[in-house]
Each structure stands twice: as structure tokens, then as C-alpha cells.
Amino acid sequence: MDAESTQVQQAQLAAILGPDPAPFETLISHLMSSSNDQRSQAESIFNLLKQNDPNSLALKLAHLLSSSLHVEARAMATILLRKQLTRDDSFIWPQLNESTRSAIKNILLSSIQNEESKSIIKKLCDTISELASSLLPDNQWPEILPFMFQCVTSNSPKLQESAFLMFSQLAQFIGELLIPYITDLHTVFLNVLNTSPSPDVKIAALSAVINFIQCLSSSNDRDRFQDLLPSMMRTLTEALNSGQEATAQEALELLIELAGTEPRFLRRQIVDVVGSMLQIAEAESLEEGTRHLAIEFVITLAEARERAPGMMRKLPQFISRLFANLMKMLLDVEDDPAWHSAEAKDEDAGETSNYSVGQECLDRLSIALGGNTIVPVASEQLPAYLSAPEWQKHHAALIALAQIAEGCQKVMIKNLEQVVNMVLTSFQHPHPRVRWAAINAIGQLSTDLGPDLQVQYHQRVLPALASAMDDFQNPRVQAHAASAVLNFSENCTPELLTPYLDGIVHKLLLLLQNSKQMVQEGALTALASVADSSQEHFQKYYDAVMPYLKAILVNATDKSNRMLRAKAMECISLVGMAVGKEKFKEDAKQVMEVLMSLQGSQMETDDPTTSYMLQAWARLCKCLGQEFLPYMSVVMPPLLQSAQLKPDVTITSADSDNEIDESDDESMETITLGDKRIGIKTSVLEEKATACNMLCCYADELKEGFYPWIDQVAPTLVPLLKFYFHEEVRKAAVSAMPELLRSAKLAVEKGIAQGRNETYVKQLSDYIVPALVEALHKEPDTEICANMLDALNECLQISGLLLDESQVRSIVDEIKQVITASSSRKRERAERAKAEDFDAEEGELLKEENEQEEEVFDQVGEILGTLIKTFKASFLPFFDELSSYLMPMWGKDKTAEERRIAICIFDDLAEQCREAALKYYDTYLPFLLEACNDESPDVRQAAVYGLGVCAEFGGSVFKPLVGEALSRLNVVIRHPNALQPDNVMAYDNAVSALGKICQFHRDSIDSAQVIPAWLNCLPIRSDLIEAKVVHDQLCSMVERSDMELLGPNNQYLPKIVSIFAEVLCAGKDLATEQTASRMVNLLRQLQQTLPPSTLASTWSSLQPQQQLALQSILSS
């Protein structure tokens, strides 16, 4: 900068900071300017002041805020001051000298007393609260709390309200510092809520009370505030009685927050509180918004399951009233002509906000309370609606059935007959909107109550839907019937669906030619789903259907037809996958030509075609396999582009006035994180998720053929392991990790990696594995944690010895972390089970959450198994570190699944590390022996398998335990239900373990008894891996003419021959080819060497079909 302009600038700064306030006020007004140039110039001057002279800047702002005549300037000064004084990047408080600090504190406190503008007072409260919350912890503003108490007890409503607003914020920021004042606060709150004439003061006090209750960690402290609840509720009812609904709505929003975070605070007075809320919900004179908030309060309480499990189920009379109220809201639907014309998409023509709130709340209520509570209420109220003459009532009952199905799944499945009758009778109703609602219910029930509904009622439901497709007077009903076919067939086996295909496909083809686009689209999605569910059975319709589909693909080029064309792509690709490559190959080429030309054209960003096209390409690849490779260069660039889309995010502060308006943009989703409100464009996220899923599909399908793309795909997907805006994106990225590694490894092995060698696989592994471990460390969702562990395990299997010690170290540390986190989640659930209202339904839900947890443990076991198999004895130092985490899993208090996993880890250790593992036998064998007789068959199986391993590799360490092991195995083998499907795997493994004891510890057993007993258990038929081992062992014993096996005078020979016969007749299942040919040789030798009479009696002991099979095997 030249000297002259520096001088100009300094003169400017001097003027701004000079005694005349005008230049500074002008600068501040320029910061709000709509002209970009003026604003950015003002910003750079402001920042210069901040760097060069923070004291003067702060004082100038404070002065402006206390003395300017312009409201905008005072407001802006308050906001700017708050920004400078709060702890973030631009925090200037530390740079201010003592006199500036003290001046600012004083000006803030005097301004709050003198300011008249409500909105500025609110902003001042924000500024003071933020500053106080950073100063109070070090006692740097001793005057503030006495000042606030003084305001609260003053007779100025304005000051009272300000003080409560500040208390409310301090309770959020530094609540623990207010706890010493709990008695004073309680008195003040009670006094104001009971006596203040000002609604604004009461609302501010209510907000402060609610925030304060939330910051109290001890329930005794919270209980001291119980006596405020009647006054808190009175704030609401008085506002309503005096017609101040805006105030009432503020109070309701605060109470809803309390219901969500501290539901048990309301428990003792729940009858009064919920009773008042239902009265508000039922009061027809009130605004809808107020009534909806009262309903939201009750639903929030029902949903507060983690904090107050079961509490609302104890109030059946209220649930019944709430349900009745929601049913009434569903009646608020008009017969809008737009619905009948079915031109546009307006599915919701004629629906009101009452109707949609009613619908959403029925769904939430039934999910929160479950079927045992909701179904009796519904059964009591719905019949009157179904039999009423008004179509709206009949319609409401059907909508309600569809809404409660998800939450009432188990109970409704038990009463399917009633439910299905209710809905199917309504298919005949004279009013088309009722018929639509009946079809809608069948669609929803097919999803929520499937596959039971499909299996038991296909013969009634499918014909009903087929005839609804003939309702040409009501295209919306036809289209909906087609979509219900989609829901029904998604939960259907090909066998169920095939008998109906002729009729359904014929009707859907007619609908494809309908003039209404909505009907055509419905038919396309239904055809796609029917093809997908019937698979090769769809081949006979292929020649009739495909020409129609191709015609739509080629001709629907108009903007208004975009969705139609997109659905045609989906349908073609699903039909292609169903009928298979041979049938589809020729058409596939034409379809891909069309897709390629579309891909080259410019599409608008909101065009649905993109996402449908991404999926269609991937299905075509699955169908064509390696023959798809030539198209990859067309498919991949746009796919990568979609996968790399940046989320379209807008961030505003949660309390800002310019909220993101949700109503006008369907595709915006907002979440509030701390004090920020984040709005995200969901269509972008969905396209991104689809693209990531497709990348995963290609890598999985093409294996080494995907190699050329790895270098672009890996850097795209690895960062998305931590993409917290969208679960589907993370899941897809996680699943892709092992696929990419596998592709690279295969390409190197098959020599098609452009000269790269194993170093490349190691580089990729070094990139992927640590990223997965780090993502796992931060993953908030339990299900995705399990997916990540699963993917990590696959990666370890592929990378094997390419992993270095530091990576193994980080994996082991992460496993400790996963086990610890999982145990603490379980402890939290156990705490929940102690709640006073905990009931059977809550118990069910806890069980489901704990099953998710088992999935995590399962994967931990798999990973440890992989590490042990890969590194063998060199992994043992790590194993020793983990043993304190794994030992508790053997405990009797743990679930069967955890015990099984713990045993499998030890089995792997003993099998893979052999001598090196002997030092663990003392610790683990007593557990293993006990687990052989566990009540869970899976635990028994793992334990008896482990005994076999220890018998094989344990040598002298195992010898002293042989007797105990035999008696444990004996219990499993002789169990009366040993061969039942649940127990047979444990039985087979016990027989195998017994065989190992016979083989490796013969000198420690009474072999003349034990070996025939073992022989008597053969052949084993269920565990095909163990069967091959055991039958091979039998073969070896016969080959060396084992005396104890053949028995005195060869008396066990017929048994051995019949075992051989059964094993040979079973094909490749029960023996390897090598074992089978040794068996055939042994049988031929016996034919030659045995006396004819022995041979004849042995032969006659076989079943006739075995004799025939053996003759043909031996003669061939």
C-alpha cells in the first residue's frame, strides 16, 4: 500500500474513533448495507479497528448501544458486541484493559434498564448472558447475579422479564453455578408464576424454570420444584382463558421441551397435566396450532421411552381420548375435484393440516406405545367409523388402520383375519376415496404385516387388487391399486405370486397404455416389482412386456414425462435381472444405447432421471457381468460426479429470525445442533447415497474388472466413512471398502494391474484400514458400528500379512473401545429397566436393542478370529491385553450369544496357535467343560468343538481332563433330543470331538467301550465340515484294520459298511472325493477277502436302495 493511501486510511480511522459519534454510526450502518461493495469495505475497516485498537472499538460499540437514537444502530451494536465478547475465533475480551472491561459491564447493565425496544432488550439479554457465562466460572463479574435477583424482585415487568431471560440462558450455559441459589430461585419462581400480572414475565419465568430443572442432575433437587408444576400449567390455562393464544403457544413449546427431556418430573402429577392437555386438544374454539401443540405434548411424553419407560401406558383412559381426538382430525378431508381428475400429482388434494397431523400422530403414538395398548383402543373405536354412512368416517378408519400397523405389527398379525376382512369389504364402497383408502391400507399392511399377510391371504388380496385395476372411472384408484401390487409382491415368494401372474401382468399392460401418466407410472413400478419378485417365472411375459417398456423409454422425451421415462428405466433393468442374461442380452444393447445418449445430454439438476439412470446401469451390470466392462467408461464419470456431490447445507443460528422456511421447500430437511440450525437439501443427499451404493455394486460385481477405477473411487469413498449428514452414504462407503481391496488384490494376482504388484495392494490397505478404524471410533449408530466391524474383518482377511504391527495395535485398541462402549450402553438399558413404570412392552423393546448389541460382539469375535488365523502366535501379546475385556463375556450373567463368541475366540486360539496356546488351557478349559452342557445349543456346539481342538493339540496338558471331557460329551450325545434340528449341530461336533479323543488319547480311555460307542453315532449328517473330518478318520482306522473298531470277530463290520453306504449315497456332502474313493476301494477289498456268508449277512443288513446304489458304485 503506498504512503498516500495509508495516510488516508489512518485519517479515516482517526475520524471513526474520534469524539464525533456520527462517522462510527455510519460505519455500522454500512455493515448492514445491501450493496456488497459498501458492506465489504465497511467489514475490512471494522476488522482493522479490531486488530489495531480493540479497546476503542469495544467502547464505541457500547457507547452506540447506549446512546444512539436509531433503533437499527442500537440493535446492530448489541449484536456486534455479543460477537466480539463471546468465546469464538474473534474473541477480543482478553485484549481489553481493565477499565474498558468494567465500562462495558456497566454500560450493558444500565442499557438493559434504559432500553425500551423489546427486540433490543432480548438481544441485550443474549449478550449479557454469553459474557456472564464466560466470566462467572472465574468469578470475574460478581455484580451480575445480585443485579439479576434485584431485577426479578423489582416491580418493573420489563426488568423481571429480562432477568428471567438471562437466568434461562445461564441455566443452559453454566447451570451448575446456579445450583447454590436453588432455594432463592425456587421462591422467586413460585412467587412470579403465582402473582405476576404480566404474561410476558410469566413465560420468561417458565422458560427459566424449565431450563433450570433440566440442569439439575440430582432427582432430589428436581423434586423440590414439583410444587411449581401447578403454577407452570396455570400460566398456560390463564393465557388461553384470556384469549392470548400466542403466549399459550410459547408456553406449550416450553412444556413440550420439558416432556421430552425430563418426563419423570411430570410423573406425580401426570393425570392433571395430561388431562389439561387433552382438554386443550379437544377445545374446538381454539386455534388449530394451539390444539396441535397440546397433542404434540402428549405424544412427546409417550415417545420419551428412554427416560420414562412405560409411563403413558399406565393411563389407558387418556390414550383412548387422544385416539378419539386424532380420529376426529382425520375427518377433516374434503372431496376436492383435483383428486378425481388425477391430472397432477396432488395425492393430498382435499387434505387439511388437521388431517396430516392426525395421520402422523397415530403413527407415532402406535410406535411409542405398541400394539397391546393401541389395538384394544382401535378395536373399540373403529367399528363405529366403519359402519357410519358418511364416507369421511369410513375413510378415516382405513387411514388409521394403515397408520397404526407399523407400531402394532405383532398384535395385528395375531388378528389378521379381522384386519383383512375390515379392509377387503371396503373395496366395494361406493365412494372412490374410500376405495383408495382401502387399497392404501392393503399396501401399508403388506409392508408392515408381511410376509404373514401374503402367505395367509394372497388368494383374497391379489384378486381384489386386480379388480380395482379395472376402475377406469377413477384413474387415481387404478394407479393406487398398481402401487399396492408393488407393496404386496415385495414381501412375496415366487411360488405365491406365479399363479396370479397371467391376470396381473395382463392388467398392468393395459394400464401402461392408459392416457393418465399417473396410472402409467403406477403400472411401471408394479411390473418392476412383480418381475423382481417372480424372477425366472417372469420369462414367459418378457416378449409381451419389453416392447412396451422400450417404447416408453424412447418416446417419453417431454419434460412432463421425465418421471415416466425414469420409471421405465427402472422397470426394464429389473425385468432384465429377473429373466437373466440370455433372454435380455439383445434388448440390453439397445437400452444401453438410449441410456448412453441420455447420459450425454444436459439434464437439469432436479431431473429424477439421473438417480434412476445410475441404478439402471448398475442393474444392467449385475445382469451382464463381465460383458458390461466396455460400458464402464461411459457410466463412471457421471457416477463419480454424483458421489462427489457436496451436501447443499445452509447454517443459521437456531434462534435467528430468518429461519429456514421449511414449508415452501419439501426437499429441505433441518436439524438443530447446539445453537446452530442446519438445513440440508435432501435430494442432493439421496443422489449421493444412490451413487455410492452403485459404486459398491460395480466393485462387487466386476471384481478385478473394476481395477481401473480404484484410484478414483477410493479417495472419493474413504472420506465418506465420516459423512454424518446421511446414514445411507456412510453405509455404502463402508460396504465398498473390502470390495475395493478385493478388486485390487485379484487384479494383481491375475496380472491385469498394469504392472503393479503387491506393494499397490499394501498401499491401498494402508489407506483403507486406518480410515475404517478411525471412522469406527467416531460412529454414533450401533448398526453402522456392526457394519464397520464386518467390513474391517473382510479387509483384514484380504490384506492378511500386509498389515503392520501399528495397524494391528490400533485395531486392538479400537476393539477395547467398542467393547467398553457396548457394555456402557447395556448398563444404561439395565438402568432403564429399573424405572417405576417399566413393563413387558418396554422389556421387548430393550431385548431388540440388546440384539443389535450382540451383532457388534459377533463382529468383534470374527475380527479376533481373523487376526488369530492371520498372525497366529505373534498375535498372543495383543490377545493378553484383551483378555480382561473378553473374560467377562464367559459370565453366566451374559447372553448366550456373548458366551458363544467368547468360546469361539478361544477355539480359534487353541486351533491356530497350538503349542503356544497351551498356557491358556488352565484358565479357559474349566469354562469350556462347563459350557458343554449349557442350555443354549449354540454355546454347546462351540464348546464341544473346542474340546475336540484341545484334544487334538493339547497333548499332556489335556490328558488329565480326558475323563471329565468324556462325561461332558456323553451328556450331549445321549441327550434324548440330541438329533432335533436345534441340537444336531452340537451333537455332530460332540461326536467329532469324541473321535479326536479316541485318536489322540487312546491310552487314557477304555477304548474297547468308547470306540464302538463312537462308531454307533456315525454317520453324522448335519455339520458337513465335521462330517468330512470324521468320515475320513473312520476310513483311516478301517485301512489300518483297527482291532477295537472292527470288534471281536469283525462284529462291527456290517455297521461300518452301512456307514460307508450312506456316506457314498449322499454324493459330495458327507465326504471329500478322496475319502469317497478310499471307501470304494475298501469295500472292493472286503468283497474279495471276506467269507461269503459274512458278506451276505452284511449286505442284507443294508436298505434295498443302498444295496442298489452300492452295486452300481462298485461295478462302475
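Biologist: How many aromatic pairs does a search of the whole structure find?

Modeller: In this predicted model, a search of the whole structure finds 22 aromatic pairs. To count as a pair, two rings must have their centres within 6.5 Å, and the angle between their planes then decides whether we call the pair stacked, tilted or edge-to-face. One of the pairs is formed by Trp 339 and Trp 436, whose ring centres are 6.5 Å apart and whose planes stand at 80 degrees, which makes the pair edge-to-face.

Biologist: Which parts of the chain does the pair of Trp 339 and Trp 436 tie together?

Modeller: Trp 339 belongs to helix H18, residues 337-341, while Trp 436 belongs to helix H24, residues 432-448, so the pair ties together parts that are 97 residues apart in sequence. Both of these residues, Trp 339 and Trp 436, are buried.

Biologist: What kind of aromatic pair do Trp 617 and Tyr 631 form?

Modeller: Trp 617 and Tyr 631 form a tilted pair, with 6.4 Å from centre to centre and 35 degrees between the planes. Trp 617 sits in helix H33, residues 609-624, and Tyr 631 in the loop between H33 and helix H34 (632-643), so that the pair links distant parts of the chain, 14 residues apart. Here too, both Trp 617 and Tyr 631 are buried.

Biologist: Which residues form one aromatic cluster?

Modeller: One aromatic cluster is made up of Phe 879, Trp 890, Phe 906, Tyr 920, Tyr 921, Tyr 924 and Phe 927. A ring can also have a charge over it, and for this we look at how far the charged end is from the ring centre and whether it lies along the ring normal. The case to look at is Lys 688, whose charged end sits over the ring of Phe 723 at 5.1 Å from its centre.

Biologist: Where in the chain are cis peptide bonds to be found, and what is omega there?

Modeller: The peptide bond from Gly 450 to Pro 451 is cis, with omega near -5 degrees, and Pro 451 lies in the loop between H24 and helix H25 (452-468). Another cis peptide bond joins Leu 1018 and Pro 1019, where omega is about -5 degrees; Pro 1019 is placed in the loop between helix H49 (1007-1016) and helix H50 (1024-1039).

Biologist: What is phi of Asn 139, and where is Asn 139 found?

Modeller: Phi of Asn 139 is near 55 degrees, a positive value in a residue other than glycine, and Asn 139 is found in the loop between helix H7 (118-135) and helix H8 (144-152).

Biologist: Why does Asn 139 count as exposed?

Modeller: A residue is called exposed when its relative accessible area is over 50%, buried when it is under 20%, and partly exposed in between. Asn 139 counts as exposed because its relative accessibility is 53%, whereas Gln 535, with a relative accessible area of 27%, is partly exposed.

Biologist: Is Arg 832 buried or exposed?

Modeller: Arg 832 has a relative accessible area of 9%, so it is buried, and its place is in helix H40, residues 805-832. Setting aside residues up to four places away in sequence, Arg 832 touches Arg 305, Glu 306, Pro 309, Phe 838, Leu 846 and Glu 849.

Biologist: With which residues is Asp 781 in contact, leaving aside its neighbours within four places in sequence?

Modeller: Once those neighbours are left aside, Asp 781 is in contact with Glu 727 and Arg 730. Asp 781 lies in the loop between helix H38 (758-778) and helix H39 (782-799), and although Asp 781 and Glu 727 are 54 residues apart in sequence, their C-alpha atoms are 8.8 Å apart in space.

Biologist: How many helices and strands are there in the chain, and how much of it is buried?

Modeller: The chain has 55 helices and three strands, and buried residues make up 55% of its 1116 residues. Among contacts between residues at least 6 apart in sequence, 72% join residues at least 24 apart.

Definitions and conventions: Residues are numbered from 1 along each chain as its sequence is written. This is a predicted model: local features need pLDDT of at least 70, side-chain atom pairs count only at pLDDT 80 or more; totals for chains, interfaces and linings use all residues. Side-chain values use heavy atoms; hydrogens and water are left out. Helices (H or I, at least four residues) and strands (E, at least two) are DSSP runs, numbered from the N terminus. Buried means under 20% relative accessible area, exposed over 50%, partly exposed in between (1.4 Å probe, protein chains only). Contact means heavy atoms within 4.5 Å. Rings of Phe, Tyr and Trp (its six-membered ring) pair if their centres lie within 6.5 Å; planes under 30 degrees apart count as stacked, over 60 as edge-to-face and the rest as tilted. A charge sits over a ring if NZ of Lys or CZ of Arg is within 6 Å of the ring centre and within 35 degrees of the ring normal.
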